[in-house]
Every structure is written in C-alpha cells, then in structure tokens.
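Welcome! Take a look at it first, then read on.

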Amino acid sequence: MKVGIFGSGDVGQALAAGFVQHGHSVTMGTRDPSKLAAFAAQHKGVRVGSFADAARFGELLVLAVKGAAAADVLRDADEDQIEGKVIIDATNPISDTAPKNGVLDYFTHEESLMERLQREFSGARFVKAFSCVGSALMVHPKLPGGPPSMFICGNDADAKKAVAGVLDQFGWDVEDMGAAEAARAIEPLAVLWCIPGFLRNDWSHAFKMLR
C-alpha cells in the first residue's frame, strides 16, 4: 500500500517506520524536509516531500501534526488530492497552555477536532485512531496485559475497515465506537493517558476494553 503521512514529529516517524516494517511505501509530507533527512536515510521505503506530495502519493493518508495546525496542513495538501481518501486522524486539540497538575487543556468545546476537520474537508473519509497513546507504543505495543485497545470512529464503514486492518497489523485490538461524534469521547483519552506521564514520568501504558 502507498501511505502518505502528514507530519515530521515522533508520531509521524513512528507510524512511518511501522508501515515500512510491514512492506508499505511511505511519503512523508513536511514544511521542512531537513527534519526528516536522517530518518529517511535510515528507513528504506520512506520518501520525503511536501504535504501535497504526500497527499498525491498516498492511497491511505495519516494526519500526524499538532492539532492546531491540522486544518492548515490539509489545505496545503490540496483538497482535490485528499478527496475520497481515508485519513487516519491521530491529532488531538491540545492548547499551548502548560498542563495543570498533569492535565492538558484542549481548545475544542462541545465538538471534537475530527468533527471540525470532517466538516471542512467533507470529501475525505476521516477515521480517528492512534490518538490515545504515545508514539513509542503505536506499533506492536508490548505490555504485560496483552494487546491494548485502540478506539476508532468515523462516518464511513469501509474507511474504518481499512484502518482496522492497519491496527490489526500493528498489534492492536480494535474497538469501533461509531460515527465521528464519538471522537468527542476518544480525543480526551489522550488527556487521561498523559497524566501518569506528567506526574510520575510513566509513559508505558495503554487502554484496554474488558468485557
């Protein structure tokens, strides 16, 4: 599969490495290619270009940028290039204010960031995933409790099926929470996930749905 990844940070790099590990080809889009020069040199199958390059290349797209920059990045990618494509939305609407007692602040209220993106870029098929865990655990998480759960949502059933396939390949149990409105519950899980990290430097954990 051809995968276009928007973002040059830890999340984008972790997911790019995971896709390449499983035989996929990746183009990473960034405003500063120098940030990814060393990474691309170390990972055969990764190319670096603009956001538009990544959008053109990818059959599947991954949005792995700061939440505040997400809409601008998609505009730079060109709406025509993302039309009809599945976009894994790994973003969270984290504000620039410092955490208070380990609790992050979000800039969204009453709706999720993914709902905003789906409304503006209505031709794309967004699926929320990879937003409730740190980059070190995104691909084949090794935890004593077994495979953790990744909560996903989105309005398109086929898009969610495609993303579920990726998650299964990457070692996750998939929990489909329904339509895009469920991102209102999924995005805040990142706040909860981060609290042990900020308070005790404990970042090695993930959520699991038990029945």
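**Helix 4 and its surroundings**

Helix 4 spans residues 70-77, and its buried residues are Ala70, Ala71, Val73, Leu74 and Ala77. Viewed down the axis of helix 4, these buried residues fall within an arc of 160 degrees, so they line one face of the helix. Please keep in mind that this is a predicted model.

*After the helix*
- Asp78 follows helix 4 and has a positive phi, near 90 degrees.

*The nonpolar core*
- The largest nonpolar core holds 66 residues, and those that touch the most other members are Phe6, Phe19, Ile82 and Phe130.
- Helix 4 gives the most to this core, with 5 residues.
- In soluble globular proteins, nonpolar side chains tend to be buried together.

*A look at Ile82*
- Which residues does Ile82 contact, leaving aside its neighbours within four places in sequence?
- Among them are Leu74 and Ala77, both of which are also listed as buried residues of helix 4.
- Ile82 is in contact with Phe6, Ala55, Leu61 and Ile87 too, as well as with Phe121, Gly123 and Ala124.

*A look at Ser95*
- You will find Ser95 in the loop that runs between strand 5 (86-89) and helix 6 (113-120).
- Is Ser95 buried or exposed? Its relative accessible area is 15%, and because buried means under 20%, Ser95 counts as buried.
- The side chains of Ser95 and Thr97 are joined by a polar contact of 2.9 Å.
- Not counting residues up to four places away in sequence, Ser95 touches Asp105, Tyr106 and Phe107.

Definitions and conventions
Residues are numbered from 1 along each chain as its sequence is written. This is a predicted model: local features need pLDDT of at least 70, side-chain atom pairs count only at pLDDT 80 or more; totals for chains, interfaces and linings use all residues. Side-chain values use heavy atoms; hydrogens and water are left out. Helices (H or I, at least four residues) and strands (E, at least two) are DSSP runs, numbered from the N terminus. Buried means under 20% relative accessible area, exposed over 50%, partly exposed in between (1.4 Å probe, protein chains only). A polar contact is a pair of N or O atoms within 3.5 Å; within protein, one must be able to donate a hydrogen and the other to accept it, and residues adjacent in sequence count only if both atoms are side-chain atoms. Contact means heavy atoms within 4.5 Å. The arc is that of the directions from the helix axis to the C-beta atoms. A nonpolar core is a set of buried Ala, Val, Leu, Ile, Met, Phe, Trp, Tyr and Cys residues joined through side-chain atoms within 4.5 Å.
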